[in-house]
Structures are given as structure tokens and as C-alpha cells.
Amino acid sequence: MLTPAHRLLFIILLIATALPLPGHPVASLAAEEPSFSPQATRIDELTVKALPISPTRQEGDLLYTGSEITPDGLELAGIGGLSSVYQAFSVLPGLNPELIDPSGIGGAELRLRGIRSMFAGMSAEGIPNYGIMGIGPRDYLYDLENIESLKLYRGAAPAPLSSGTGNRGGTIALSYTRPAETSGLVLEQSLGAHSLSRSFLRLDSGRLPTAGRAFVSASHTEANKWKGRGEVGGREHLTIGLQQPLGDRFEAELFYNYDDAEMDLYQALSYNQARHISSHYNDDYLKEVTGGPADVDYYKYHHNQTENHDLVAIFTYKISQDHSLTLKPYYASEDKKWLDGAADKYVDSERFGYKLEYVGQWQDYLVSAGYWYENHDLEKYIRKNKLDGAGRNYAGWAYLAENRGAGQIHTPYFQLNRQCGPFSCQAGIKYFSLKEPASLAYLSNKDTPAVYHDALNHNLGVDAAMSLQSLRYQKWLPTLSFGFQASPTLDFYLNYGRNFMRPYAYVPLAMTYSQNRDKFQAAGITLQDVFDQWKLETSDNFDFGCRFQHRWFSLAPSIFYAQHHDLLFVAFDPKVGVNYHQNLGDATIWGVELECNIYPADNLMFYFNPSYSQATFDDDVNNSGAGLAAKNQDLPDTPRWLLKAGAIYRWGDLSFAPSLKYVDRRYGDIENREKIDRYTTVDMTIGYRLKNLKFLREAGLELECINLFDKKYVGTINADDDGSSASQYYAGVPFTLIGKISGKF
């Protein structure tokens, strides 16, 4: 763990190196990508302003291999899309984001072509965003008014994109909105049902005497739960951005993102409740304590508190017109505590590192190369509680351990691009190397101190059977893309990429071993032996598609195929007589997606984004000595058909944006016995904007209607693909009315 002194020193160095040097001559440095001579294979920019999705690429790429959400697309995501990155992509085909609370801060789940969002990668300014227990991206860390670019690479991802825990399900890339050239103030206030309130402010300095720019942004969100008792929020958020040119070729930037949120959680439904959703739509945790074992379901015993700090400095040196070098040192921390009935779960993580990137033009080749290094300390521990007439009181440790040293990630990459006439090729290779630190586990009882750091020093001694040596995982990850521009309005592409997922069920496996240690030891198997057999999950992803633009419409159909290997499954080991996580699973996923936009008039646009996905397991699973019939069964929470459709109509200063989502039948288990009915919901947003008023550059009023016809349906399904536990079902959000007033000064 970093000491407070080291932590403070690192943050001070980041801030100090990003600020302008006293007396240093400054000049403007262009923010655009280096001016490389090959022309990227792409269709000319569409002129329709209301287009919600556009093709995108990373800096240093030649081919447009991803999809980007435009400001109009973000508006379609509603208030939930301002706090949840997953919800921001709601208009894209092939994705099924589900909100538990309409505010967007009460939890969200996403499936990308059948793969859970915990298996996706996410980065902001190229720096991975991730955590542990639960593993994966933190989609709630940003105010999306401060995010200029929201990009998604489904399947194959360019080599320069980094992922902390993996990107088996795809990769999300975010970029901050830079400080504005002119000073300005943005104010927003949203009010809605269930006492929902969201206040947002952003202040831009404009150009300063040093030729630099800055902004500060803050928001506060709170609401009552829409069912049961409790509150969602408050959520306090702060974002700061600085941009300072230092000479003709050098520029420094700094972005700080702070998020502090706490909330009472919603209770999941069982399958029996979910299949009769109309009768159990408003079921939730107990409103009062009973003084008995049932208090495990008291709402105050299911509460979440999370605090995150993310800081990144960006130093860009323009070597010449065609060559640039970028260094990005960063620091990130997460302190998380959540009450889970009788258990208190904690995460205390710190990460720091850097990313060095080069982009340059060498004759006919566009080259990008880089190196990502991270040093991290990711601590997790679980405390037990006893529930009785005396309340909820400490009763010992369920998992007490500490890391011995730091974990490390090393990821060099290289990518080469070449265009020859209408043909383009992009090839990359990335090497991912992860070192997990050794850890010491401790024996404890109810007399062991309740405070974690005290318990590390006063316990019943080291638990040798549960302690671990350092672990290493490594994998080569190639990518290859081809493009062909058949005409100025039609291009084709073919992408291949290998993605990965690092092991993630450390605590569940350790708890299984602890509860069955006699059986494991009788078989001569240590916990270290089990972990030594683990490997990285991988997926081989193929995409083939085209993009066609016409004066009145645009089409972007694609076909995808993916083979997922070595998935962690909870399977039976006859040598031990116990079910535990092993790399025994494989899955095949294929389907088709279509992005279709029709614009018969300058002020009217229709979008129609259907998709078909077939995501199935390749083999049965031996669980408890009996086979689970998973072969050829759909992955949980993966509808075959998805449809997002709607329109954006502007009539003077008024705008109307109705939208429809259809979700096909899904299953909540790997044997497809728990069937969840299909559903259709309709949303509507009405907006009114005035520009160039006496004291305002722009004023806006907006009315958002979520689930307009109050459909009662099952939304989020929290389902483990490994068959380890019963799935959890959540009621979809009810009809909710939200109003927003905004002003730009």
C-alpha cells in the first residue's frame, strides 16, 4: 500500500508538471491529430446533425473500426445516460443496458453481444478504468456532460486501447471535453418523480494570460428509491481540467475526476418472483427490523458507499508535423464498502503508472507504438456480522488477508497501417503481462479486532493453506483489419482481434477452499495448486461489414463471430468431491447488426437499429457430479433479437424524440430453464431551446418520459455465466417523469 507521503508526493508531481512554468514562453499547440498523408478509409461526414451514431477510430488508426455516440445520441439516453456510461450506449444495436434506477446511479448492467459488462474494457484518455470485487469497469464515475467522445469497439479492438482486467466483451474509450476557448458557464437542474434531483455546473475560464485554459465542473444527484424504503444518493461529483501550451511543440494537460456516492440497494427477485413480475413488481427489502434472522433483509443492511479519485496528466510533444510523442502518468484510488446482509465487504485499491505513446508517419506507413505500465495494490476483505435482537454486530472475519508487495502490469504494443489506393490494412500486436502479488491469509475468530489494520497485527496467526505466492499471467494479443473503399459512399471492412480476461473469482475460490479444506488437503491439493492452473480467458473476434451513405439514408450492416476460450466455470472435481472455478468453458457467439438512419428532411431523422445474436455454450458442465445441460444453450440474459428504433424531429425551437426498445425472450440460467418473457418499452423526450438571448447563449427546457406506458417487466438480470449461484432479477424502471432546465452563459 502506498504511504500517505508517497501518495501525496505523486499527486503533487502530477499537478506541478502539468502547470505552466513561470516566465516560460507559451504558444498555441494544435489539438488535432498529426497531419498524416494517407487518407483514412471512411465515408464522407454525414451532414445530418441529428445522427446519433457515427463511425470512429483511435488516434494512430487508419480504419474506422468502432462506433461513437454523438451529442444527439447521448440525449436519447436520457438522464440515466448522464451518470452511467453503459446507458449512454443504449441506442447502439447488439447492446442491452438495463438500469435498476432511472437516475442512472443506482446500478446498471450491460450485455455486449452476450458478454457481461464486467468482462469489457473501459478507459478514459487511454488510462484503464477498473476495480475488483466486483471486477471490471466503473461506469458511474463520470458526469457525461464532461465527456466529449464515447467510443465503443465491439469485438476486436485496436492494439493501442488498454484494458485493466480485460476486454473479452469489447472496449469502451472515453475522452474529456477540453476547456473551451471562451469563458462560459453551464447550469442544469433536473427534477423528477421519487424526489429525484440532479444539479450540474461547469465553468470554463476561456483563454488565460498564459494562453492556457481550465474548467471546473460539479454535480449533486439524489433520489428516493422508486420502490421500498431508502435513498439512491447523494452522489457528489467533481471534475477539473487544465490545458497549457509550453512552447510551439509541447503541451501539458491535467484531468482530475472525483466521485463519492452512497445508496440503499434494491432487492433482487428470485426466479419465481420474476416469472410473476406483475405480482412482485414492488417487492423490496424489509422496512423495519424484526429482531430475528429475517433482519438479513432489512434495507439498511444493504447499503453501498464508494469514493473514487482519478488523476491523469498528459504531456504531448509534437516532434514534427508527422510525428508526436505522448506521456500519461496517472493515479487512481477506490475505497468501497457495502453492507450485504450479514457481511461487510471492503475494497481498498490504489493504482499508479504511466502510458507512453508514439504516433508517426514513415513514408507510406502510419505507425503507432506504446508502453503501458501499472503498479497496483488491490486489497479486499470481508467481515461477518451476527443478526439478533441486539441488532447487527461484528462476529469475526470471513476473509482476512493482505497483499505482500504490489501487483504489476506491463503492456507494450505496436501497430502498423498502410493504404494502397482503395485498400487499407491495419495490423497490431500487444503483449499483456500481469503479476499478482503474494498474499498472506490469517486465521481469526470473533475476538479478532473488527478494524482491518488492527486485525492484521492481532489474529490467530498465518493461515498457510490459504496464503499464496505471486502469480503471473501473460498473453500475446494480435489484431488485423482490412478496408476497401468501393466508392465515395461505400466502404467494406474485415476485423480480427484476440481479446482477454484476467482471472476474477479469487475470493469465491478462496472461500470454497476454506470451507472444504479437509477434502482438498486429503486429495493433496493446495489453494496455490488451484490458482497455478488458472489461465487468462481469451476470445477470437471477427467482424465483417460495410457502410453506405445516400442522400436520404445511411446503412451500416455487420456480421460478427467470436469464439471464447478457457472460461471460468464452477465444475465438479472428482478427486476432491467439490465444485470450484476451473478454466473449462468455451462459448460461440455470432450474429448480425444493422445501423440504419433515414432522413427524409433536414429536420427529421428516423433510426432503426436491430440485431440478432446467438450466444451459446460449447459443452455441458459437470457440476456436483451430474451434468448441467449447457451445450448449445443460450448464455444468460442474452436475447436473440434486440431492436432500438425512434425518431428525432425538430420544429423550430421544439424537438421531439420518441424511442422504442424491444428485448426478446431471455434466460437467467445456463441450462435455459429460467425463461424471462420478452418486453417492449417506449420513451419520449420533448425539448425546447432558445439561443442568443440577452443574458444567455442558450436556454433549454426538457421533459423526459421513461417507460411511457408503465410496462411491468424484468429489466436487469444479474446472472453468472459460470453457473456458480442463483441468478438475481430486478424489476425494470416504472413510468418516470423528469424535467430539466438548462442555461449556457
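Glu 181 is partly exposed in this predicted model, because its relative accessibility is 43%. Its salt-bridge partner is Arg 207, and the closest N and O atoms of the two lie 3.0 Å apart. Glu 181 belongs to the loop between strand 10 (171-176) and strand 11 (184-192), whereas Arg 207 belongs to the loop between strand 12 (196-204) and strand 13 (213-224), so the pair ties together parts that are 26 residues apart in sequence. Arg 207 likewise counts as partly exposed, because its relative accessible area is 40%. Side chains of opposite charge can pair when their charged atoms come close.

The structure holds 44 salt bridges. One of them joins Arg 689 to Glu 698, with 3.1 Å between the closest N and O atoms. Arg 689 has a relative accessibility of 28% and is therefore partly exposed, while Glu 698 has a relative accessible area of 14% and is therefore buried. Another salt bridge links Asp 710 and Lys 712, at 4.0 Å from N to O. Asp 710 is partly exposed at 34% relative accessibility, and Lys 712 is partly exposed with a relative accessible area of 34%. Elsewhere, salt bridges with shared partners connect Asp 143, Glu 145, Glu 188, Arg 198, Arg 235 and Asp 259 in one network.

The surface also carries a nonpolar patch, made up of Tyr 317, Ile 319, Leu 325, Leu 327, Tyr 354 and Leu 356, whose accessible area together is about 450 Å². At least two residues of the patch come from each of strand 16 (302-320), strand 17 (323-340) and strand 18 (343-362). Ile 319 lies in strand 16 and is partly exposed, because its relative accessibility is 34%.

Methods
Residues numbered from 1 in each chain as written. Predicted model: local features only at pLDDT ≥ 70, side-chain atom pairs only at ≥ 80, totals over all residues. Heavy atoms only, no water. Patch = residues over 30% accessible without salt bridge, like charges linked within 9 Å, V, L, I, M, F, W, Y side chains within 5 Å. Areas by Shrake-Rupley, 256 points an atom, 1.4 Å probe, with all protein chains shown as cover. Salt bridge = Lys/Arg side-chain N within 4 Å of Asp/Glu carboxyl O. Helix = DSSP H or I, 4+ residues; strand = E, 2+ residues; numbered from the N terminus. Buried < 20%, exposed > 50% of the residue type's maximum accessible area, 1.4 Å probe, protein only.
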